[in-house]
Amino acid sequence: MHHRHLPVEAAAGTDPDRQALMAQLAPDENVLATLSVDLDERLHFGAGLLALTDRRLLAREGGGSGAWRAWPLAGGLALRHADHAGVGSLELHD
């Protein structure tokens with residue numbers, strides 16, 4: 001039997017964040033890492049959460065009330081990180 005889990009060392013956010021993330025997962029999907037973010041795609045401040053699973057990348061904006069977006073992982077995808085003047089960015093490229 002497989003269990004969904006969020007590793008303690010990768011846990012981010014509050015219990016409601018964790019519960020909201022767990023509700024998005026498929027029965028055998030496992031969270032590999034999470035990241036709390038404080039800027040949205042328009043560079044406005046607001047709580048958000050990114051989660052990398054063994055199947056996809058999940059993102060939620062809106063301080064817990066926003067909708068989840070998901071991108072399935074596939075061969076040829078790369079997650080790139082950049083930092084400029086203290087503002088980091090993550091980009092998913094194919």
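Predicted model: local features only at pLDDT ≥ 70, side-chain atom pairs only at ≥ 80, totals over all residues.
## Overall make-up

Of the 94 residues in the chain, 26% are buried. When contacts between residues at least 6 apart in sequence are considered, 27% of them join residues that are at least 24 apart.

Four of the strands form an open sheet, in which the order is 1-2-3-4 and the pairing is antiparallel. Strand 1 and strand 4 stand at the edges with a single partner strand each, so one side of each has no neighbour in the sheet. On average, and with direction ignored, neighbouring strands of this sheet are turned by 15 degrees against each other. As a general point, strands of a sheet pair through backbone hydrogen bonds, and the pairing may be either parallel or antiparallel.

Going through the sheet pair by pair, strand 1 and strand 2 are joined in the antiparallel sense over seven bridges, and within this pairing S36 has L49 of strand 2 as its bridge partner. Strand 2 is joined to strand 3 by four bridges, again with an antiparallel run, and here A51 has L58 in strand 3 as its bridge partner. A hairpin leads from strand 2 to strand 3 through two residues. Between strand 3 and strand 4, which also run antiparallel, there are five bridges, and R56 stands opposite P72 of strand 4. Helix 1, made of residues 15–24, packs on the sheet and touches strand 1, strand 2, strand 3 and strand 4, while its direction makes about 135 degrees with that of strand 3.

## The hairpin of strands 5 and 6

Strand 5 and strand 6 run antiparallel and are joined by seven bridges, with D83 standing opposite G88 in strand 6. These two strands form a hairpin that has two residues between them, and in its turn A85 has a positive phi of about 55 degrees.

Leaving aside residues up to four places away in sequence, F45 touches D38 and L39.

## The largest pocket

As a general idea, rolling a probe the size of a water molecule over the atoms shows where empty space is left. The largest pocket of this model has a volume of about 900 Å³, and 33 residues line it, with V37, L39, L50, A59 and L90 lying nearest its centre.

Which strands supply residues to this lining? Strand 1 (31–39), strand 2 (45–53), strand 3 (56–60), strand 4 (68–72), strand 5 (78–84) and strand 6 (87–93) each give at least two residues to it, and strand 2 supplies the largest share, which is seven residues. Sorted by class, the lining of the largest pocket contains 18 nonpolar residues, eight polar residues and seven charged residues.

Terms used:
Residues numbered from 1 in each chain as written. Heavy atoms only, no water. 1 Å grid on protein atoms, 1.4 Å probe; cavity = no way out; pocket = protein on both sides within 12 Å on 5 of 7 lines; lining within 4 Å. Points joined across faces, edges and corners; volume = space filled by probe spheres on them. Nonpolar A, V, L, I, M, F, W, Y, C, P; charged D, E, K, R; others polar. Pairing = 2+ DSSP bridges. Axes fitted to C-alpha atoms, helices over the stretch in contact; angles between N-to-C directions. Contact = heavy atoms within 4.5 Å. Buried < 20%, exposed > 50% of the residue type's maximum accessible area, 1.4 Å probe, protein only.
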